[in-house]
Amino acid sequence: MKRVVVIGGGIAGLSAAYSLREHLKQDEDLEIVILEKNPATGGNIKTEKINGFLIEGGPDCFLSEKPWAMELCKRLGLAGELLPTNENNRRTFVLSGGRLHELPEGVILMIPTRIMPLALSSLITLRGKLRMALEVFIPRKRSREDETLGDFVRRRLGREALDKIAEPLVAGVHAGDPETMSIRSSFPKFVQLEEEHGSLIRGMLKRLTSMKKSKAGHNTAGGPAVTMFMTLKGGLSVMIDTLTSDLLKYGNTSILTGEAATGVAAIGGGYEVRLENGALRTDAVIIASPAYAAAALLSGFDPELSRKLLTIPYVSTATVSLAFKKSGIKHPLNGFGFVVPGAEKRRIMAATWTSVKFKHRSPEDSVLMRCFVGGAKNSSLTLLSDEEMVRMVREELKDIMGIEESPVLARVYRWKNSMPQYTVGHEERVNRIEEQLAKYPGLYVTGSAYHGIGISDSVRNGEVVAKKALHYLFGK
Ligand SMILES: Cc1cc2nc3c(=O)[nH]c(=O)nc-3n(C[C@H](O)[C@H](O)[C@H](O)COP(=O)(O)OP(=O)(O)OC[C@H]3O[C@@H](n4cnc5c(N)ncnc54)[C@H](O)[C@@H]3O)c2cc1C
């Protein structure tokens, strides 16, 4: 029987293992061993239920536009668990000049698609609005050379769109710095819109028209409406728990938690994965850990490959969830939350009004919100103690939203070196890693470090290497 060892039990590693099982033919015998150094699978995905609150420590949703996470949920029998956002309150606010301003309706990511809401917006100055509108006349870039998100947005939509919208909203997804982030690797859709339509606004309008036409197909069969962000009623850990238990139902699959791989070596036409106590011989290895952890595993095996993996930088973040009695909150909470541009010099990057964004998150008489701390520009804030971090976040919420109430619950989740940064030249760096890896058939790296950063991309990335591994092992 052939064996595959998957190192890392985050969503990418579990998706890879599940895809191996899904595509295996009856006459193909394969043992799968998943090694996860933490006591539980899930990686960054962690849902906790405390006193009637459902708290996401890491991600709280996935993008429906990238279909792989939703498709996986359906294959796992979780279609009925899918939960859209609460569309009655789909507003997002941006802090500017110390006040919360509504992001004009029709601004999709950072691209305006409706004139009136933009014209009436208090967020952008008249000059900034005119500059954004001029986008349709800016010629497309001639070279295919990568550029930073900052340069791209200044070039197409102007400085104010960068500072007040793209930086907090778009770069915020990656906890990144727009002056170093690669537009091509982080937001390939924007580049594609420019290349294909010569304008982001024109391209987005065309896409919206064609989406409206195909709206009939926009509901999951018998399931809920599909919104831009989707989650699961019981939290994203349901996806991890179902993957984990379904994998264990197949024979010849083991998930060893609390078991870190310490190295990988080539041995007798296959590989050996070293553990703290012992080693596993295997035909193929899928490393689904962060890139720097893959670098450590491969440092003795191929120092050059290991150095290349280390060229992908990571930043640290933390989330702080606070719950309050509804009666004590004067703010109307009329949206999904707010983002904070760097120019505001605050100590949080964003806040989600969780119990407004999704149902089933808090008891009726309470509200749940969570704030993001750290990221590329403020990683050191994640080093504060829990007490200091909660105090800091409360001070920020008092200034921004006028909340003076004491929380009935406070939880801090730290995510050290957890967000890979796709800086300019990322595509080139990944190509070099993959060229070097191609020397070792049966050895793969996957996860959010290489070809897409969110949950949906991580699912797809896991599935892609699973197919490659099956092809290598069984020649199909
Ligand atoms: C705070 C936060 C909020 C986020 N919000 C969103 C969101 O709302 N939507 C979204 O789509 N994405 C979001 N993301 C990104 C999302 O979490 C990631 O895309 C995804 O979880 C990455 O999965 P992964 O399997 O590649 O990596 P990970 O989740 O990092 O899993 C890697 C696993 O490898 C294990 N490992 C490492 N070294 C070893 C070793 N030597 N041996 C064995 N195991 C090892 C680790 O313990 C870990 O479990 C967020 C991330 C963070 C940190």
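Helices H1 (residues 11-23) and H10 (residues 237-249) cross at roughly 40° and are therefore oblique to each other. The model is predicted, so local features require pLDDT of at least 70 and side-chain atom pairs pLDDT 80 or more, while totals for chains, interfaces and linings use all residues. Residues are numbered from 1 along each chain as its sequence is written, and side-chain values use heavy atoms, with hydrogens and water left out.

**Terms**
- Helices are DSSP runs (H or I) of at least four residues, numbered from the N terminus, and strands (E) have at least two.
- Axes are lines fitted to C-alpha atoms, for helices over the stretch in contact, and angles between N-to-C directions run from 0 to 180 degrees.
- Angles under 35 degrees count as roughly parallel, over 145 as roughly antiparallel, 65 to 115 as roughly perpendicular, and the rest as oblique.

**H1 and H10**
- In contact (heavy atoms within 4.5 Å) are Ile11, Leu14, Ser15, Ala17, Tyr18 and Arg21 of H1 with Met239, Ile240, Leu243, Thr244, Asp246 and Leu247 of H10.
- These contact residues comprise 8 nonpolar, 2 polar and 2 charged, where Ala, Val, Leu, Ile, Met, Phe, Trp, Tyr, Cys and Pro count as nonpolar, Asp, Glu, Lys and Arg as charged, and the others, Gly among them, as polar.

**H2 and H16**
- H2 (residues 68-75) and H16 have axes that come within 7 Å and cross at roughly 70°, which makes H2 roughly perpendicular to H16.
- Trp68, Ala69, Leu72 and Arg75 of H2 make the contact with Ile455, Ser456, Asp457, Val459, Arg460 and Glu463 of H16.
- That contact has 5 nonpolar, 1 polar and 4 charged residues.
- Glycine 475, with a positive phi near 65°, follows H16.

**H5 and H8**
- H5 (residues 149-156) packs against H8 (residues 188-197) at an angle of about 35°, the axes being 12 Å apart, and the crossing is left-handed.
- Phe152, Arg155 and Arg156 of H5 meet Phe190, Val191 and Glu194 of H8, a contact with 3 nonpolar, no polar and 3 charged residues.

**Domains**
- The automatic or database domain assignment gives domain 1 (2-43 + 238-311 + 423-474), domain 2 (104-217) and domain 3 (314-420).
- The C-alpha centres of domain 1 and domain 3 are 34 Å apart, and their contact takes 7 residues from domain 1 and 5 residues from domain 3.

How values were computed:
A crossing is left-handed if the near helix is turned anticlockwise from the far one by less than a right angle, and right-handed if clockwise.
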